[in-house]
Amino acid sequence: MRSTDWRRRFRRRTISLGDAMSSETDQAEGAQKVYSASALPADELARMTDDIVTALKTVYDPEIPADIYELGLIYKVDIEDDRTVKIDMTLTAPGCPVAGEMPGWVQDAVSTVEGVQSVDVAMVFDPPWTPDRMSEEAQFAVGWY
């Protein structure tokens, strides 16, 4: 996965024109990108998406010199119509010493994004994290590339 593929992890909501509400699924390297109808203007949704990724990239795993986004610890980001952001994330290992703290770090970072009303972070371990979820940037940072 390349860092330029970051939008794949977002369940993006966009405006649907006309009477029919349509969904499109794009398969890219085994991941899905889902588009569905939204009350949010498309330009605001795009700005929020970019800003959320930027915020996620400020959170680092203290044991690995790479941010949690590039490490592939963010499994899903859903921007709801009410501007609630729901994030599914994982850890490199279930016994990670910062397991209790990292969701708060993510919530604090994403809460600073303009337009975000609230942030819900869920810790998930299915599927388990593996190093192949890391971007090339993260692999380079840890000396694997």
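Strands β4 and β5 run antiparallel and are joined by five bridges; two strands count as paired if DSSP finds at least two bridges between them. Keep in mind that this is a predicted model, where local features need pLDDT of at least 70, side-chain atom pairs count only at pLDDT 80 or more, and totals for chains, interfaces and linings use all residues. Residues are numbered from 1 along each chain as its sequence is written, and side-chain values use heavy atoms, with hydrogens and water left out.

**The chain as a whole**

- The protein chain has three helices and six strands; helices (H or I, at least four residues) and strands (E, at least two) are DSSP runs, numbered from the N terminus.
- Of the 145 residues in the protein chain, 39% are buried. Here buried means under 20% relative accessible area, exposed means over 50%, and partly exposed is in between (1.4 Å probe, protein chains only).
- Take the contacts in the protein chain with a separation of 6 or more: residues 24 or more positions apart account for 63% of them. A contact means heavy atoms within 4.5 Å.

- β4 is largely enclosed by the rest of the structure, because five of its six residues are buried.
- β5 and β6 pair in the parallel sense, over six bridges.

- R83 sits in the loop between β4 (74–79) and β5 (84–89).
- The hairpin of β4 and β5 has four residues between the strands, and within it R83 takes a positive phi near 70 degrees.
- That's worth a look, as R83 is a residue other than glycine. Most residues other than glycine have a negative phi, and most peptide bonds are trans.
- R83 counts as partly exposed because its relative accessibility is 23%.

**The cis bond at P127**

- The peptide bond joining D126 and P127 is cis, with omega at about 5 degrees.
- You'll find P127 in the loop between β6 (118–123) and α3 (136–141).

**How α1 meets α2**

- Two packed helices are described by the angle between their axes and the distance between the axes.
- For helix α1 (residues 42–56) and helix α2 (residues 102–111), the packing angle is about 140 degrees and the axes are 8 Å apart. Axes are lines fitted to C-alpha atoms, for helices over the stretch in contact, and angles run from 0 to 180 degrees between N-to-C directions.
- α1 and α2 are therefore oblique to each other. Angles under 35 degrees count as roughly parallel, over 145 as roughly antiparallel, 65 to 115 as roughly perpendicular and the rest as oblique.
- The contact is made by I52, A55 and L56 on the α1 side and by V106, A109 and V110 on the α2 side.
- By class, the residues of this contact of α1 with α2 are six nonpolar, no polar and no charged. Ala, Val, Leu, Ile, Met, Phe, Trp, Tyr, Cys and Pro count as nonpolar, Asp, Glu, Lys and Arg as charged, and the others, Gly among them, as polar.

**Residues brought together from along the chain**

- V53 belongs to helix α1, and it counts as buried because its relative accessible area is 5%.
- V53 and V113 are 60 residues apart in sequence, and their C-alpha atoms are 9.8 Å apart in space.
- L71 is in the loop between α1 and β4 and counts as buried because its relative accessibility is 0%.
- Leaving out residues up to four places away in sequence, L71 touches D61, I64, A66, W129, R133, M134 and A138.
- L71 and Y60 lie 11 residues apart in sequence and 9.1 Å apart in space, C-alpha to C-alpha.
- E137 is in helix α3 and counts as partly exposed because its relative accessibility is 41%.
- E137 and E70 are 67 residues apart along the chain, with 6.7 Å separating their C-alpha atoms.
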